[in-house]
Amino acid sequence: MSIAVWIEQSNGAAYPSSWEVLGKARDLGDKLNTPVNAIVLGKGAGNVAKAAISYGADKTFIGEDPTLDSFRMDPYAAVVEKVIQDEGVTLFMAVATSRGRDLTSTVAADMGAGIAPDATDLNLDGNKVVATRPTFTGNILADIVFSSELQVVSVRGRSFPKPDPDEARTGEIVNIDPLLSEDEIRTKVVGFEETAKGEVSLNDATIIVSGGRGVKGPEGFKPVRELAKALGAAVGASRAAVDAGWIPYSYQVGQTGKVVRPDLYIACGISGAIQHLAGMRNSKVIVAINKDPEAPIFQVANYGIVEDLFKAVPALTEEVKKRKEMA
Ligand SMILES: Cc1cc2nc3c(=O)[nH]c(=O)nc-3n(C[C@H](O)[C@H](O)[C@H](O)COP(=O)(O)OP(=O)(O)OC[C@H]3O[C@@H](n4cnc5c(N)ncnc54)[C@H](O)[C@@H]3O)c2cc1C
């Protein structure tokens, strides 16, 4: 019996929420008195291996073969499934990013295991896991228990605190060989396109400033971006703004966009449709700026500003800048 966590990384930098999942795995491992393995694959995996130990892994498996350079399902799933088999893993977890969801569902399907996707809490009932996940656009929290021996869970980012790394922790680092040759892999990575440089990623953001149809056009995102910049925040958007072509889909928050959990979410000109709330209602503090006092967003907001966003947002930006200068 053991636990394994896939640590998502790119060029030697781990995806931050992977450490949150590893921290939770450590906590469960301590309660179950079972070892915790980390699996790190791809170019730069070696740079992340030691960090994985400091964040709670007992053993880190690294795979740096060129066939594992970039995330591809065939070679990644093959290696992960081998570790699961060899180490007697009964709980496999990853962050619920697009890749994490793909990998966990493939592993679960290949190995005939149950899966709890997008979990926001994990507890134990005896030595079995109880995974809590939001369902029906976040209106219900369902507790999932597993009838299979292997339990597979993808965990929504920012569901657990990031543990403090303990540089004094020791553990084993094991190199793993790829299981598939290049010829056996059905997909090729032909290139990468980077998103706008210098922007804070929506997934990792502790503060998000989002714009909706109320911004009235692509240029209406300028004050939203300026406030985000002043706060060191990420920019988000409602589907109405995305569908209108004012901002790319990667910025969409909601049921069919990204599900976020920042400390602060500022909704500018967003009405608060249930599908938008599904993506942000678990934010710690919600501020709504809307000129309609009846807008449903005010029902979930901790603070509401009934005002034209083109007045309120620049005023907030100025105030943030002023206070930062004074600090
Ligand atoms: C299957 C399905 C999935 C969906 N998925 C998503 C999703 O993932 N994310 C999502 O966001 N939506 C999603 N939607 C769409 C959702 O139902 C709403 O249509 C959408 O969220 C509305 O976006 P909005 O709030 O920006 O626009 P609106 O509802 O039109 O609201 C605009 C708001 O701006 C305010 N406003 C206007 N001008 C100003 C101003 N100058 N200053 C201040 N306030 C102003 C208005 O009072 C209004 O409240 C989905 C819908 C379906 C059916």
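**View 1. Where four residues of domain 1 meet seven of domain 2.** Four residues of domain 1 are in contact with seven residues of domain 2, contact here being C-beta atoms, placed from the backbone, within 7 Å. On the domain 1 side, that's no nonpolar, two polar and two charged residues (Asp, Glu, Lys and Arg count as charged; Ala, Val, Leu, Ile, Met, Phe, Trp, Tyr, Cys and Pro as nonpolar; the others, Gly among them, as polar). Domain 1 runs 2-184 and domain 2 runs 207-326, with bounds from an automatic or database domain assignment. Their C-alpha centres sit 32 Å apart.

This is a predicted model: local features need pLDDT of at least 70, side-chain atom pairs count only at pLDDT 80 or more, and totals for chains, interfaces and linings use all residues. Residues are numbered from 1 along each chain as its sequence is written.

**View 2. The shell around the ligand.** Of the 28 residues around the ligand, Gly-212, Gly-214, Arg-239, Ala-240 and Gly-254 come nearest; a residue is near if its C-beta atom, placed from the backbone, lies within 6 Å. Helices H6 (239-243), H7 (274-280) and H9 (309-326) and strand S16 (285-290) each give two or more residues. Helices (H or I, at least four residues) and strands (E, at least two) are DSSP runs, numbered from the N terminus. By class, the shell has nine nonpolar, 14 polar and five charged residues.

**View 3. Asn-33 and its positive phi.** Asn-33 isn't a glycine, yet its phi is about 55 degrees. Look for Asn-33 in the loop between helix H1 (17-32) and strand S4 (36-41).

**View 4. Lys-216 and its positive phi.** Lys-216, also no glycine, has a phi of about 70 degrees. Lys-216 lies in the loop between strand S13 (207-211) and helix H5 (221-231).

Technical notes. Two residues are in contact if their C-beta atoms, placed from the backbone, lie within 7 Å.
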